[in-house]
Amino acid sequence: MKLALFLFTAISAAASAQIPAPTSVFPAAEWSRTSPQAAGWDLKRTKDAADYAGKIGATSVLFIQHGLIVAQGGDIADRTELHSCRKSFLSALIGIAVSKNQIHLDDTLAQLNIDDNAPSLTPAEKQATVRDLLEARSGVYHDAAYETSGMAAKRPERGSHPHGTFWYYNNWDFNALGYIYEQATHQSIYDALANEIASPIGMQDYRPKDGKYVRESSSNFPAYTFKMSARDFARFALLYLHHGNWNATQIVPAEWVAESTHPYSNTPSGGYGYLWWTGDSATPNHHPEDVFPAGSFWLEGHLGQYAVVVPSRDLIVVVRVAGDHPRKEIHKGEMANLVKMVVDASAK
């Protein structure tokens with residue numbers, strides 16, 4: 001309720017300091033703000049979307065169009081755990097490394113001398129490529145660090161699918177990619193994120209020391225967790241909305257952004273690219289259970305961490321859920337509903 005009331009207060013505030021919405025802007029040291037009235041949004045629908053965000057469990061939220069904050073709620077500067085959204089950040093770092101010829105997508109695990117604890121990888125599993133890992137299609141179903149009980153329960157049997165043939169949301173793939181990145185670039189993911197992305201796009205709150213490797217005895221490869229504020233999370237989404245370009249500086253190669261947000265596999269919510277979720281499916285006959293706007297793509301994490309990019313509306317919807325034991329987890333269907341409500345409220 002506090003979140004919804006905060007948003008409604010922002011919606012109802014006087015327009016004396018409002019900024020008319022231009023075609024598109026980038027935030028400087030601070031984000032620029034407008035009001036729903038000035039941005040041409042429907043006031044009732046905006047309030048309904050804000051109320052719904054609070055109802056489904058969001059602890060902070062941002063509705064952004066044309067690079068301006070139209071409505072916000074909660075503490076958008078609070079650094080909280082990103083969970084699996086970490087993977088999309090790694091995808092961006094890998095794209096930069098590929099452009100520097102430090103990583104090659106068709107290198108196999110065998111070529112990279114990648115193995116794991118007993119039962120170690122088989123010769124067939126070692127034929128998986130970096131590209132297979134990015135698409136979560138490695139066929140390596142080894143135990144992995146930092147996976148939920150649900151992920152472990154759904155894990156296929158070892159050797160059941162050749163590499164490149166089957167999509168499974170696989171923490172082994174994601175953790176191994178973190179190791180491959182650090183070996184190739186000779187820097188930690190956390191420092192690289194600060195130097196390659198956070199600093200160039202002006203993140204206000206990100207600190208490399210907030211990162212933590214999660215190690216488990218079942219696997220050689222740790223998970224790479226870190227915290228981020230909602231407003232910094234939104235900057236990264238805005239970077240991808242602009243094809244990796246930040247205010248006339250190319251941070252992530254545009255070709256990589258396009259490849260990463262292209263669906264290679266079908267999922268219950270559309271498709272999956274290079275560690276990014278997509279509203280579009282990989283095949284035309286696929287009918288998602290949870291429908292996001294056509295052309296949209298997003299970062300997604302445990303408990304309800306989302307930054308959804310809707311290019312057709314120049315729109316970003318950020319939702320965060322703070323704490324290890326929140327009062328409610330935001331399910332993907334609820335997020336799909338929220339995004340639809342925000343799209344319906346926004347200016348065309």
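Within strand β2 (residues 68–74), Ile69 is the bridge partner of Ile64, and β2 runs antiparallel to strand β1, to which it is joined by six bridges; strands are taken here as DSSP runs (E) of at least two residues, numbered from the N terminus, and two strands pair if DSSP finds at least two bridges between them. The model is a predicted one, in which local features need pLDDT of at least 70 and side-chain atom pairs count only at pLDDT 80 or more, whereas totals for chains, interfaces and linings use all residues. Residues are numbered from 1 along each chain as its sequence is written, and side-chain values use heavy atoms, with hydrogens and water left out.

In the hairpin of β1 and β2, two residues lie between the strands, and His66 takes a positive phi near 55°. Strand β1 is also joined by six bridges to the antiparallel strand β14 (residues 315–320), where the bridge partner of Ile64 is Ile316. Because six of the six residues of β1 (residues 60–65) are buried, this strand is largely enclosed by the rest of the structure, buried meaning under 20% relative accessible area with a 1.4 Å probe and protein chains only. Ser60, Leu62 and Ile64 are buried on one side of β1, and Val61, Phe63 and Gln65 are buried on the other.

Asp290, located in the loop between β11 (277–278) and β12 (297–301), is buried yet has no salt bridge, the nearest side chain of opposite charge being Lys332 at 6.0 Å; a salt bridge requires a side-chain nitrogen of Lys or Arg within 4 Å of a carboxyl oxygen of Asp or Glu.

Notes:
Helix = DSSP H or I, 4+ residues; strand = E, 2+ residues; numbered from the N terminus. Buried < 20%, exposed > 50% of the residue type's maximum accessible area, 1.4 Å probe, protein only. Lys, Arg positive; Asp, Glu negative; His and termini not counted.
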